[in-house]
Amino acid sequence: MAITIHEADVLVCGCGLAGMRAALSAARAATGGPAPVVVQLGCSSGPTGSSFANENNALGILAPQTPYHAELLERRIVEIAGVAYLDRELVRTLLEEGPARVRDMEMLDITFRPERHAACFYPEAQVARVVDGLAAMHARFSGACDAAGVRRLDNMTVVGILRDAAQDDRVCGAVAEDAAGERHVFVAPAVVMALGGPAPLFARHVSGRAATGLGYGLMRSVGVHLGNTSFLQFMWYGGAPRRFVSVAQACGTGRCADTLDAPLLQARATHCPYAWHQPDNAVDHALLVCPDLLEDGQLHLYAHAGNGGAVVDVRARTNVSGLFACGECATGMHGANRIGGAMVLATQVFGHRAGEAAAELSQGGGTLVGRRRMMKPDGPYGEWCDMMRLDGGVPDPVPLPLPLVDTPDSADILAELPRLLERACVPSGGGGQDEGGCGNPAAEGLEAALQLALAEQPLSPVGRLQLLTALELVQHRLRVPVACPS
Ligand SMILES: Cc1cc2nc3c(=O)[nH]c(=O)nc-3n(C[C@H](O)[C@H](O)[C@H](O)COP(=O)(O)OP(=O)(O)OC[C@H]3O[C@@H](n4cnc5c(N)ncnc54)[C@H](O)[C@@H]3O)c2cc1C
């Protein structure tokens, strides 16, 4: 296998709203030194991910205009966080810096219309705005990145993060595979993870094109502290072609409406996703065991977006030196649940901060490892190959004998993974499996199978990352208390 080496000051992985913002802010950062060389990797060309290719073709963004609104929002973010990790400093940063980042988007000629109805989980505040036409928004961001000198490389799937044992295990780059399966090593002292969330790994999900769900696995593979990882947003969808179904509609379709408590239904009508740790999740549980809906088989909870990710500080730094995370790859600015529009705002606030901090680090002493040492068997790339049980070593025009073919067993687990993950992690309402804290045989069984597969099977890099992401979700699901369905 031929390996190509590239160098960058800042490497941004992902081309959604978080990755675009991070790349742009890194390239424009005033570091006092020469302009940083920013390379941005995406696993496909054109609009991708939940940001630019979601099926609504629109996105809401929270836009608190006054300190009063920011304070109300902060209170609500805390109220709905549930039993989850939340960092008040990140919440305040999100709300205080949000308006400036919305103005940045306006400077890119992105136009918003006011949202007259609800900001999900906070309808009375009416502080959201909406962008229609995601391909056009993608064109604005990519045009700005091009103008700022960002080198965007499409069709590069990031499959590994490199750490350098000789430099306190700091991050020193990443490995990607191109569409032909050739491997590329990117040497960089600052790496930004903006790969989106884990929803694409579920059997039923609504993530946008070229979303992979590999981000948690990649970060876990290098020891990044992760939080809130199984707190995904799940929403009701049904019909063919698939469409979003509000809970009021869902309740109207079955006999189960009679059994539901009116105040709970009213509370449930204030937000689209299933609500972790909130009393109104009883409505979803009732729907999940409603015979009409089950017989019909039409309506299901679909994985929509993750609320978990890397635990970061206000500069979007993870615990691993040189590694930053933003957007759906990061958490702490919201807990188990989040207000509608808060994620898009988070992509901009923490994408910007990640880009600036990464640029600063790359200029201020993050030393690039020597290219030759990088590729030696005991250098970072060799160590990564070792960890992945691939043959590492100095790149050579002679193809490396890489045992990339999955064995039948791991192939079986990977083929079944979306369905298994759904059984283990989608709120069940007690209709088959129990939730975490009440015993969850599906999650326990999957955890054991994943451990086994990861320990014993030779896997492709992507397969391994899928299993690692799934393990992260399942272990979090088993660890955190979730209300037992009554
Ligand atoms: C249908 C839908 C509607 C939504 N509506 C709203 C809303 O109104 N308001 C709101 O706040 N949030 C909303 N969300 C959530 C929000 O859109 C996302 O959380 C947010 O856009 C995520 O941005 P991101 O940049 O972190 O990830 P993404 O936009 O998902 O981008 C991830 C990028 O990484 C790339 N990638 C992934 N893996 C790899 C890899 N291994 N190598 C290289 N590249 C890779 C992808 O191709 C993509 O370019 C919605 C989500 C969905 C699915």
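Tutor: Start with helix 3 (residues 67–79) and helix 4 (residues 88–107), whose axes come within 10 Å and cross at roughly 145 degrees. Helices here are DSSP runs of H or I with at least four residues, strands are runs of E with at least two, and both are numbered from the N terminus. Axes are lines fitted to C-alpha atoms, for helices over the stretch in contact, and angles run from 0 to 180 degrees between N-to-C directions. This is a predicted model: local features need pLDDT of at least 70, side-chain atom pairs count only at pLDDT 80 or more, and totals for chains, interfaces and linings use all residues. Residue numbers start from 1 along each chain as its sequence is written.

The crossing of helix 3 and helix 4 is right-handed. Helix 3 brings Ala70, Leu73, Glu74 and Ile77 to the contact, and helix 4 brings Val91, Arg92, Leu95 and Glu96. Two residues are in contact if their C-beta atoms, placed from the backbone, lie within 7 Å. By class, five of the residues in this contact are nonpolar, none is polar and three are charged. Ala, Val, Leu, Ile, Met, Phe, Trp, Tyr, Cys and Pro count as nonpolar, Asp, Glu, Lys and Arg as charged, and the others, Gly among them, as polar.

Now another pair. Helix 15 (residues 441–456) and helix 16 (residues 461–479) pack at about 145 degrees, with axes 9 Å apart. Their crossing is left-handed.

Step back to the whole chain. It has 16 helices and 18 strands. Buried residues make up 57% of its 486 residues. Buried means that 20 or more other C-beta atoms, placed from the backbone, lie within 10 Å of the residue's own; exposed means 12 or fewer, and partly exposed is in between.

The largest nonpolar core has 161 residues, and Val10 is among those that touch the most other members. Such a core is a set of buried Ala, Val, Leu, Ile, Met, Phe, Trp, Tyr and Cys residues joined through C-beta atoms within 7 Å. Helix 11 (residues 342–363) supplies the largest share, 12 residues.

Technical notes
A crossing is left-handed if the near helix is turned anticlockwise from the far one by less than a right angle, and right-handed if clockwise.
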